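The following exercises are intended for a reader who meets this structure for the first time.

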Amino acid sequence: MSSATPFVPSQNIAQLRESATIAVSQKAKALKAAGRTIIDLGAGEPDFDTPAFIRQAAVDALEAGATRYTAVDGILPLRQVIADHANARYTGAGRVLATDVVVSTGSKQSLYNACVCLFGPGDEVLVPTPAWTSYYEMVELARATPVEVLGDPSNGFKVTPLLLEARATARTKGIMLNSPSNPTGSVYAPEELRAILDLATSRGWYVLSDEIYQRIAYDRPAVSALDVATVRDRLVVINGVAKAYAMTGWRIGWTVSSPAVAKAMTAFQSHTTSNAATVSQHAALAALARVDEADLAVNAMVAAFHARRDAALAILRQEPRIEVLDPQGAFYLFLRAPAAPGGISDGDAFCARLLDEAGLAIVPGSAFRTPEWVRVSYAADQSDVERAMHMLVKTYRAVLEGTG
Ligand SMILES: Cc1ncc(COP(=O)(O)O)c(C=O)c1O
């Protein structure tokens with residue numbers, strides 16, 4: 001019998017790691033399937049169904065024949081409504097046109113399109129850290145180098161022009177911004193965002209502003225880069241329907257960029273996936289165009305996230321030794337893992353212990369390049385979130401006290 005030829009990964013993916021957040025969810029699902037009771041606060045996915053009017057719009061579109069290819073960059077009415085929403089925010093130079101919008105199969109694809117088209121070998125890309133795990137990998141897949149810029153934990157891990165300048169070199173080509181942030185829940189204030197955009201403009205850097213959580217903000221609205229930008233030739237705003245409209249499975253995202261960048265990304269997409277699923281584009285069109293119905297649905301979901309955030313924080317704050325950030329948006333809590341006596345905070349060990357002893361799945365901060373921290377998603381039933389926070393506090397104390 002001849003032995004199988006071993007698989008040798010290509011140079012393109014030699015460094016690639018599996019998405020740590022998806023890995024946690026898969027492990028939780030496998031344990032559930034094996035009969036264990038698991039609370040999964042690992043997934044970054046709203047637990048709501050897509051609003052009924054959006055589902056119905058998709059059914060209607062299918063019945064009307066939305067089953068064929070569309071233009072690579074998406075159907076015109078969807079690109080137009082995205083441009084209209086952008087123009088309602090943007091007052092700087094150059095109106096946003098439908099031709100500046102490229103619709104894709106999820107904001108993840110939009111981010112990847114942008115990385116591949118804007119960055120390449122020899123380029124460095126600043127990644128405010130902690131950051132969503134895929135940024136680092138996407139920059140590497142583009143054969144550029146991600147440069148971690150560690151934010152200040154006392155300021156919600158947000159970065160400042162000073163911190164960015166300290167890590168910038170002549171090879172810096174761009175920066176990945178994400179507000180509200182996954183994993184910290186931090187939201188940049190208008191003046192903080194403006195200062196970063198001004199620095200990027202003065203240095204000629206591209207700014208990739210991932211605004212997928214923009215509508216999920218609590219105490220005050222989260223600003224878009226479009227609200228504060230005065231020029232947009234090097235700005236790429238990334239958004240999608242997944243999080244705000246509970247449409248993760250529909251896979252629709254988009255970019256708003258300069259016409260030249262849009263053209264390049266459309267060409268790239270034409271050779272990879274072509275258009276996003278036609279029926280999903282029609283569903284996204286309903287979500288964006290039927291503003292009153294959408295606002296009702298989104299506001300109800302955001303109110304539920306808000307209540308869960310407050311309930312979870314109230315439980316965590318009963319233990320003053322827990323260092324937890326004060327999240328203003330998205331649906332994540334970010335906290336420092338406990339340190340055993342004489343040891344250091346270890347997010348991996350804390351997550352493993354929680355899963356093992358309490359059946360609670362959360363994501364280690366190592367996934368976001370901050371291994372002392374852990375991320376909790378509260379996009380889950382509120383009673384589960386509350387039960388999980390009590391378990392977390394109990395295990396946290398046990399680690400601190402060296403018991404168990
Ligand atoms: C910061 C961030 N950007 C992008 C995405 C991807 O979203 P989509 O489902 O639109 O691809 C996620 C999903 O977890 C995310 O957390």
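**Exercise 1: A tyrosine pair**

Tyrosine 213 has a relative accessibility of 3%, so this residue counts as buried. The model in which this value was computed is a predicted one.

Task: Determine how the rings of tyrosine 213 and tyrosine 332 are arranged, and which parts of the chain the pair ties together.

Solution. 
Step 1. A pair of aromatic rings is described by two quantities, the distance of the centres and the angle of the planes.
Step 2. For tyrosine 213 and tyrosine 332, the ring centres are 5.6 Å apart and the planes stand at 80°, so the pair is edge-to-face. The cut-off for this class is an angle over 60 degrees.
Step 3. Tyrosine 213 is found in the loop between β6 (206-210) and α8 (225-228), while tyrosine 332 belongs to strand β9 (residues 332-336); the pair therefore ties together parts that are 119 residues apart in sequence.

**Exercise 2: Aromatic pairs and charges over rings**

Task: State how many aromatic pairs the structure holds, and classify the pair of phenylalanine 157 and tryptophan 373.

Solution. 
Step 1. Rings pair if their centres lie within 6.5 Å, and by this rule the count comes to twelve aromatic pairs.
Step 2. In one of them, the rings of phenylalanine 157 and tryptophan 373 have centres 5.0 Å apart and planes at 80°, so this pair is edge-to-face.
Step 3. Phenylalanine 157 sits in the loop between β4 (145-150) and α6 (161-167), and tryptophan 373 in strand β12 (residues 373-377), so the contact ties together parts that are 216 residues apart in sequence.
Step 4. Phenylalanine 157 is buried at 6% relative accessibility, and tryptophan 373 is buried at 3%.
Step 5. Charged residues also lie over rings: lysine 158 is over the face of tyrosine 188, 5.8 Å from the ring centre, and arginine 234 is over the face of tyrosine 206, 4.8 Å from the ring centre.

**Exercise 3: The ligand**

Task: Identify which residues come nearest to the ligand, and state what share of the ligand's accessible area the protein covers.

Solution. 
Step 1. There are 13 residues around the ligand, and the nearest of these are Ser107, Asn182, Asp210, Lys243 and Arg251.
Step 2. The side chain of lysine 243 places an N or O atom 2.7 Å from an oxygen atom of the ligand.
Step 3. Tyrosine 213 has a polar side-chain atom 2.8 Å from a ligand oxygen atom, whereas lysine 108 has a backbone N or O atom 2.9 Å from an oxygen atom of the ligand.
Step 4. On its own the ligand has 400 Å² of accessible area, of which the protein covers 92%.

How values were computed: Residues numbered from 1 in each chain as written. Predicted model: local features only at pLDDT ≥ 70, side-chain atom pairs only at ≥ 80, totals over all residues. Heavy atoms only, no water. Phe/Tyr/Trp six-rings, centres within 6.5 Å; stacked < 30°, edge-to-face > 60°. Helix = DSSP H or I, 4+ residues; strand = E, 2+ residues; numbered from the N terminus. Buried < 20%, exposed > 50% of the residue type's maximum accessible area, 1.4 Å probe, protein only. Lys NZ or Arg CZ within 6 Å of the ring centre and 35° of its normal. Near = heavy atom within 4 Å. Polar contact = N/O pair within 3.5 Å; in protein donor to acceptor, adjacent residues only side chain to side chain. Areas by Shrake-Rupley, 256 points an atom, 1.4 Å probe, with all protein chains shown as cover.
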